[in-house]
Amino acid sequence: MPKPSYHILVCTNKRPPGHPRGSCGENGSEALLEKFSMGIEEKMLFGKAIISSSSCIGPCSIGPVVVIYPDGVWYNKVKPEDVDEILDKHIGQGQKVERLEVPDELWG
Ligand code: FES
């Protein structure tokens with residue numbers, strides 16, 4: 001197995017409905033994870049990217065949150081329909097999908 005160039009993390013942490021912090025799981029991250037897994041398979045990206053689910057990684061209220069390493073690019077409010085663009089543009093061409101990036105102001 002070749003060493004993957006990219007690691008895609010999808011937060012799938014789930015809190016109960018109505019929890020004040022919200023959660024990526026409550027906003028559909030399980031379907032997102034499935035779509036990424038299928039996309040990697042369909043686009044034959046094995047060896048180029050791997051995907052993992054994660055517990056909470058911080059900005060819960062703007063989830064689902066996806067982080068791509070080694071670039072350290074954080075995406076927010078990612079929907080299954082955004083996955084093809086992320087795989088084609090970011091993983092395929094090494095270019096960020098700027099419209100989905102977590103805004104700089106979030107980091108204080
Ligand atoms: S629940 Fe996903 S970042 Fe906190």
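These are my notebook entries on what I looked up in this structure, which is a predicted model.

**Entry 1. Salt bridges**

I began with charged pairs. Side chains of opposite charge can pair when their charged atoms come close. My search of the whole structure returned 5 salt bridges. I looked at several of them one by one.

I took the pair K43 and D88 to start with. Their side chains form a salt bridge, with 3.0 Å from N to O. I then asked where the two partners sit. K43 is in the loop between α1 (29-42) and β2 (49-54), and D88 is in helix α2 (residues 83-93). They are 45 residues apart, and the pair links distant parts of the chain. I checked the accessibility of both. K43 counts as partly exposed because its relative accessibility is 29%. D88 is also listed as partly exposed, at 38%.

I noted that this pair belongs to a wider group. A network of salt bridges links K43, D84 and D88.

Next I looked at D82 and R99. A salt bridge joins their side chains, at 2.9 Å from N to O. Are D82 and R99 buried or exposed? D82 counts as buried, with 7% relative accessibility. R99 counts as exposed, with 53%.

I also wrote down K96 and E101. They form a salt bridge in which the closest N and O atoms are 3.5 Å apart. K96 is partly exposed at 37% relative accessibility, and E101 is partly exposed at 27%.

**Entry 2. Helix α2**

I checked what comes after the helix. G94 follows α2 and has a positive phi, near 70 degrees.

**Entry 3. T12 and its surroundings**

T12 is located in the loop between β1 (6-11) and α1. T12 has a relative accessible area of 15%, under the 20% cut-off, so this residue counts as buried. I left aside neighbours within four places in sequence and listed the rest of its contacts. T12 touches G25, S29, E30, L33, S53 and S54.

**Entry 4. Cysteines**

I searched for disulfides and found 0 in the structure. C11 is buried, at 3% relative accessibility. C60 is buried too, at 7%.

**Entry 5. Backbone angles**

I finished with the backbone. Most residues other than glycine have a negative phi, and most peptide bonds are trans. I looked for departures from both.

Where did I find cis peptide bonds? One joins G63 and P64, with omega about 0 degrees. P64 is in the loop between β2 and β3. Another cis bond runs from Y69 to P70, with omega near 15 degrees. I placed P70 in the loop between β3 and β4.

M44 is not a glycine, yet its phi is positive, near 55 degrees. M44 is in the loop between α1 and β2. At 68% relative accessibility, M44 counts as exposed. K77 is likewise not a glycine and has a positive phi of about 50 degrees. K77 is in the loop between β4 and α2. Its relative accessible area is 47%, and I recorded K77 as partly exposed.

Methods. Residues are numbered from 1 along each chain as its sequence is written. This is a predicted model: local features need pLDDT of at least 70, side-chain atom pairs count only at pLDDT 80 or more; totals for chains, interfaces and linings use all residues. Side-chain values use heavy atoms; hydrogens and water are left out. A salt bridge is a side-chain nitrogen of Lys or Arg within 4 Å of a carboxyl oxygen of Asp or Glu. Helices (H or I, at least four residues) and strands (E, at least two) are DSSP runs, numbered from the N terminus. Buried means under 20% relative accessible area, exposed over 50%, partly exposed in between (1.4 Å probe, protein chains only). Contact means heavy atoms within 4.5 Å. A disulfide is a pair of cysteine sulfur atoms within 2.5 Å.
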